[in-house]
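Have the viewer open and follow along.

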Amino acid sequence: MRTVLIVMPSLARGGAERHGVLLATALDPAHWTAHVLAFADGPFRADLEAAGVPVEVVPLPGGLRSVPAGAAAVRRTVERVKPALVSAHHVLAETAVRRALAGRPLPNITWKHTYGHIGHRGLRERAVERLTGGAVTRYGAVCHTQVRYLADELGLAPDRISVVPNAVAVPAEPPPLPAGPPTVLMVAAMRADKDHDLVLQAWPTVLERHPDARLRLAGDGPCREQLEAKAVGLGIAASVEFLGVRDDTEALLLDAHLLVLASYAVECFPYAALEAMATGRGVVSTNVGGLPEMVDDGVTGRLVPPHDGDALARALLAGLDDATAPDPRWGPAGWDRARRVYPLDLWAARVGALFDDLTSAARTYERTSS
């Protein structure tokens, strides 16, 4: 049995962090054991500890000292744990791992969780890859569509990219839809690129047909105050709930008929959409990133162009009409697709095979070069 060291920026509930936690808890324990190193604490620590995964949190000083301090923490953990493989998530963890492993013949994988960046972050990531990408054994992509971005925008060699699409646990049967008023859930940080504004613009049209409908917004961020004011200005505040950051996404989905995402950029293969499908809820989303790979338009949900409020309103109406019909189609079809294509056990087997391949190749290289 071999150990994979999983390095994450924090144990907060984010997509990259969740991916790392799933790696630590879903791999076949007969072949792999995990050790987690994070640079900030968070609620995922409890999940890891409940699964018996060793966790250590090393806070970083911030600023320019973060990378060397993170690299030192990675080196200390590598020397103590002696992993067969190191897995890095997010640019801070990636950079620390690459610096720590410089000159060490230890295989490592950098997982990419984005399909683009807003502002300076894209320039930063391209610079990081130019300067340190040579230290990476393999890049992990979380959907097939993402390879185009990684190769064309970041300049990564396609033969160094392995694709293992995200996955979630899928129940044996799709949970029933709620009996309450038509409810649409959005789970996203309240940043401009997530475009909550577009959803609010579309909502009055939804209320014309479903006057008792609820729009529930789970998340927080710099745009929250502006969005709350917009809901008041549109006269829809009574039907819109700002829930803040929540740890109970599964419960929120069980109380919803439909999930909506409206991002116009930086959306890759979101767990929120996968969870909605696994829960038997239809998904209305903009046609960006890897979402067309996940959502079967007209079958498990509806895809619309970014920035198109009219199209989004029509899609929301179609989704609620479907979910409140005697025989809903989108939700059960989404559950079936998640069960067949994105089950957690299949994902864990694929990741385990990838890790086996990386460590086997490293051992072969060591034998032939010694």
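Let's start with a crossing: helix 7 and helix 12 cross in a right-handed sense. Keep in mind that this is a predicted model. The residues that make the contact are L198, V199, A202, T205, V206 and R209 on the helix 7 side, and G309, L312, A313, L316, L317, L320 and D321 on the helix 12 side. Sorted by class, the residues of this contact come out as nine nonpolar, two polar and two charged.

As for the geometry, helix 7 covers residues 196–209 and helix 12 covers residues 309–323, and their axes come within 8 Å while crossing at roughly 45 degrees. That angle makes helix 7 oblique to helix 12.

Now for another pair. Helix 3 (residues 66–81) packs against helix 4 (residues 91–100) at an angle of about 60 degrees, and the axes are 8 Å apart. These two helices are therefore oblique to each other. The crossing of helix 3 and helix 4 is right-handed. From helix 3, the contact draws on S66, V67, P68, G70, A71, V74 and R75, while helix 4 brings in L92, T95, A96, V97, R99 and A100. By class, that contact of helix 3 with helix 4 holds eight nonpolar, three polar and two charged residues.

On to the cysteines. How many disulfides does a search of the whole structure find? The search comes back with zero. C143 is in no disulfide, and its nearest cysteine sulfur, the one in C268, sits 3.9 Å away.

Next, a few loop residues. K82 is in the loop between helix 3 and strand 4 (85–89), and D195 is in the loop between strand 8 and helix 7. Phi of K82 is near 55 degrees, a positive value in a residue other than glycine. D195 likewise has a positive phi, near 55 degrees, and is also a residue other than glycine.

P171 is another loop residue, found between strand 7 (161–163) and strand 8 (183–187). P171 is partly exposed, at 32% relative accessible area. Which residues does P171 touch, leaving aside its neighbours within four places in sequence? The contacts are A278 and W335. There's also P343 to look at: P171 and P343 are 172 residues apart along the chain, yet their C-alpha atoms are separated by 9.6 Å.

Here are the accessibility values side by side.

| Residue | Relative accessible area | Class |
|---|---|---|
| P171 | 32% | partly exposed |

Terms used:
Residues numbered from 1 in each chain as written. Predicted model: local features only at pLDDT ≥ 70, side-chain atom pairs only at ≥ 80, totals over all residues. Heavy atoms only, no water. Axes fitted to C-alpha atoms, helices over the stretch in contact; angles between N-to-C directions. Helix = DSSP H or I, 4+ residues; strand = E, 2+ residues; numbered from the N terminus. Parallel < 35°, antiparallel > 145°, perpendicular 65-115°, else oblique. Left-handed = near helix turned anticlockwise from the far one by under 90°. Contact = heavy atoms within 4.5 Å. Nonpolar A, V, L, I, M, F, W, Y, C, P; charged D, E, K, R; others polar. Disulfide = S-S within 2.5 Å. Buried < 20%, exposed > 50% of the residue type's maximum accessible area, 1.4 Å probe, protein only.
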